[in-house]
Amino acid sequence: MRVAILGDIHANLPALEAVLADARDYGCTEFHCLGDVVGYNANPSECLEIVRNLPGACVLGNHDEAASHGNPLEGFSSAAALSLEWTRGVLSAEQKAWLGALRPQRQIRKTTLVHATLDSPCSWGYVRTFREAELSLACQRTPLCFIGHTHVPKVFAHGVGEMLLFEEAEGVDLSKSPKLLINAGSVGQPRDGDWRAAYMIHDEGSDGLWMRRVKYDVESASRAVLDAGLPPKLAERLHKGV
Ligand code: ZN
């Protein structure tokens, strides 16, 4: 069975639709989401409805948590906070209840899903370095754990270090790997300088893993941000992948 791992969709409907089409072309039948379904971009309601109807699991992200209640938006950038205020006004009470009820961590077969870190899932810390990755890996009870939150795809191998990110065509043979902590990148707001939507495919039968980058209608996504009255820099960054 092939599973698609989708991180940080962030209300980017054109990116989500392109990724789902690509994943289905590659035979994916299960779709796991790493949280932050909403925030930043202009289609939170549409993305939420798609995600909750997909076969698979979804964990809670910090933007999902913030959008689901009315508490002060501490710790968010001004653009993120403006977008979250707008998102709170767009989502229905029932949609907010669904978001707020997402669990911070899930285990599906031999895979763990968490948005930020495994050592403290609801503190919303970042895994950017191998030292930070080892804190999560020490808590990891499955061969694979997928994370999001930084919007930068990375692979960390327990006791080894950061692995060079593999080419799409080659993939990683997981049967020979130590425990891996994998950032699947971001569907809706990549920040590694590549504007294309990022996600990963895990083939549970052959134990292979691939990163995918998918072109999508970035013009339409950025126009929707501007049309919604959201900060223009949220539209601009989509073109740059930052
Ligand atoms: Zn995010």
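The side chain of Asn41 reaches the backbone oxygen of His10 at 2.9 Å. That is a polar contact, meaning a pair of N or O atoms within 3.5 Å; within protein, one must be able to donate a hydrogen and the other to accept it, and residues adjacent in sequence count only if both atoms are side-chain atoms. This is a predicted model, in which local features need pLDDT of at least 70 and side-chain atom pairs count only at pLDDT 80 or more, while totals for chains, interfaces and linings use all residues. Residues are numbered from 1 along each chain as its sequence is written, and side-chain values use heavy atoms, with hydrogens and water left out.

Asn41 is found in the loop between β2 and α2. Helices (H or I, at least four residues) and strands (E, at least two) are DSSP runs, numbered from the N terminus. Asn41 counts as buried because its relative accessibility is 2%. Buried means under 20% relative accessible area, exposed over 50%, and partly exposed in between (1.4 Å probe, protein chains only). Leaving aside neighbours within four places in sequence, Asn41 is in contact with residues including His10, Ser83, Trp86, Gly188 and Leu238. Contact means heavy atoms within 4.5 Å.

His10 sits in the loop between β1 and α1. Its relative accessible area is 0%, so His10 is buried. His10 is not a glycine, yet has a positive phi of about 50°. Most residues other than glycine have a negative phi. Trp124 also has a positive phi, near 60°. Trp124 lies in the loop between β4 (111-114) and α6 (130-137).

The side chain of Asn53 reaches the backbone oxygen of Glu49 at 2.7 Å. Asn53 is in the loop between α2 and α3. At 60% relative accessibility, Asn53 is exposed. Thr150 lies in the loop between β5 (144-147) and β6 (154-157). A polar atom of the Thr150 side chain lies 3.2 Å from the backbone nitrogen of Val152. Thr150 is buried, at 11% relative accessible area.

Next come the nonpolar cores. Such a core is a set of buried Ala, Val, Leu, Ile, Met, Phe, Trp, Tyr and Cys residues joined through side-chain atoms within 4.5 Å. In the largest, of 40 residues, Leu6, Ile9, Val187, Tyr199 and Tyr216 touch the most other members. Helix α1 gives the largest share of this core, seven residues. Apart from it lies another core, of 19 residues, among them Val3, Leu144, Ala184 and Met211.

The pockets complete the picture. On a 1 Å grid over the protein atoms alone, a pocket is an open set of points, where a 1.4 Å probe fits, with protein on both sides within 12 Å along at least five of seven lines; lining residues have an atom within 4 Å of a point. A volume is the space filled by probe spheres set on the points, which are joined across faces, edges and corners. Ala, Val, Leu, Ile, Met, Phe, Trp, Tyr, Cys and Pro count as nonpolar, Asp, Glu, Lys and Arg as charged, and the others, Gly among them, as polar.

| Pocket | Volume | Lining by class |
|---|---|---|
| Largest pocket | about 270 Å³ | six nonpolar, eight polar and five charged residues |
| Second largest pocket | about 190 Å³ | five nonpolar, three polar and four charged residues |

In the largest pocket, Asn62, His63, Gly75, Phe76 and Tyr126 lie nearest the centre. Helix α3 (residues 62-68) gives the largest share of its lining, four residues. The second largest pocket is lined by residues including Arg109, Lys110, Pro143, His202 and Asp207.
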